[in-house]
Amino acid sequence: MRRRRIKHTGRFLQTIIYLGKLFRMFLFQNDWKVLPISAVIAGLVAFSVGQNLFKTMEGTLMGSFAVACICVWNGFFNSIQVICRERAIVKRDHRSGLHISSYMVAHMIYQAVLCVVQSGIIIFVFMRMNVKMPDKSLITDWPLVDIGITLFLITYCADMLALLISAVARTTTSAMTIMPFILIVQLLFSGSFFSLPEQAMPFTNLTATKWGLTALCAQGDYNSLPMVSVWNNALKMKNVEINNEKPLLDLFKYVENNNMRDDILMMTAKENQIEDYAFSREVIYNAWKWLIMWTIIYVFVATLLLEFIDKDNR
């Protein structure tokens, strides 16, 4: 009876049926555990790198990279096993009339809900741990909404990539084996955080971390923040003696006594600005465009592969 009912239902009703199944699995098969894990990871990142996030250039770059990694990690764990663990069921239902498009749309809606909640959890945890958030917005009237959209797009892009991997992998074990490799690629090819050979830079466009990092740095007004690393490294040498004198110590005292420290930090920052992180709508829209484009590609390829699931002899 169940097979006959699926065979004669339309795409919309099949989507609703599978969406209900996914939310039941969320409640009764412990899929809800991804949410507290997201909160724990966000708390660890806020504790370790949140102190200087959106306060200094270095803190913003490192913190934005860490936040993008949280989103990618969340997205991967949301869906890396969802298709391969029920491949036999999908194959059987497809032969009985299941539309793969309905199956994929149900997953897309369900995963989108998870990603929205996880993005909200990150922002909530950061605010509770007194991490400074941007006070200026470019797209909407609310800076936190702008940040939330970016977090969602990073997470959802990674989620759909994991869904594609799940559609390709033979078993859940295979999917979990592939995931660390893809995760390492996402981290290494994030763009500005790691120094890469010039020949490797075009590959950064393939990663969600690169565009997430770009959007977050732009939203945090990276180029208007002070740079402190040069000052801090120089300060370590203040007690160096030259001809029984400490010229650097005298220089630092002069700078502090004349309230010149902030000016020097901003002058240093001015020489290290990155055009790609400019505080402009064009930068944000471009980053969002790339994230949306890769999300659509991952969904399209995963759907196409599942359309031939009947020929899969695995």
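## Exercise 1: A helix pair

F65, C69, V72, W73, F76 and F77 of α4 touch M176, M179, I182, L183, Q186 and L187 of α8, where contact means heavy atoms within 4.5 Å. This is a predicted model, in which local features need pLDDT of at least 70 and side-chain atom pairs count only at pLDDT 80 or more, while totals for chains, interfaces and linings use all residues. Residues are numbered from 1 along each chain as its sequence is written, and side-chain values use heavy atoms, with hydrogens and water left out.

Task: work out which classes of residue make the contact of α4 with α8, and how the two helices are arranged.

Step 1. Sort the residues by class: Ala, Val, Leu, Ile, Met, Phe, Trp, Tyr, Cys and Pro are nonpolar, Asp, Glu, Lys and Arg are charged, and the others, Gly among them, are polar. The contact of α4 with α8 then divides into 11 nonpolar, one polar and no charged residues.

Step 2. Look at the axes, which are lines fitted to C-alpha atoms, for helices over the stretch in contact, with angles from 0 to 180 degrees between N-to-C directions. Those of α4 and α8 (residues 172-188) lie 11 Å apart, at an angle of about 160°.

Step 3. Name the arrangement. Angles under 35 degrees count as roughly parallel, over 145 as roughly antiparallel, 65 to 115 as roughly perpendicular and the rest as oblique. α4 and α8 are therefore roughly antiparallel to each other.

Step 4. α4 passes α8 in a right-handed crossing.

## Exercise 2: The whole chain

Task: describe the secondary structure of the protein chain.

Step 1. Count the elements, which are DSSP runs numbered from the N terminus (helices: H or I, at least four residues; strands: E, at least two). The protein chain has 13 helices and zero strands.

Step 2. Picture the extent. Along the principal axes, the C-alpha atoms of the protein chain fill a box of roughly 90 × 40 × 35 Å.

## Exercise 3: Two partners of α9

Task: describe how α9 packs with α7 and with α13.

Step 1. Begin with α7. α7 and α9 have axes 10 Å apart and pack at about 175°, so they are roughly antiparallel to each other. D146, I147, T150, L151, I154 and C157 of α7 make the contact with A208, G212, A215, L216 and Q219 of α9. By class, that contact has seven nonpolar, three polar and one charged residues.

Step 2. Turn to α13. The axes of α9 (residues 208-219) and α13 (residues 281-307) come within 9 Å and cross at roughly 160°. α9 and α13 are therefore roughly antiparallel to each other, and their crossing is left-handed.

Step 3. List the α13 contact. From α9 come A208, W211, T214, A215, A218 and Q219, which meet V283, I284, N286, A287, W288, W290 and L291 of α13.

Note on methods. A crossing is left-handed if the near helix is turned anticlockwise from the far one by less than a right angle, and right-handed if clockwise.
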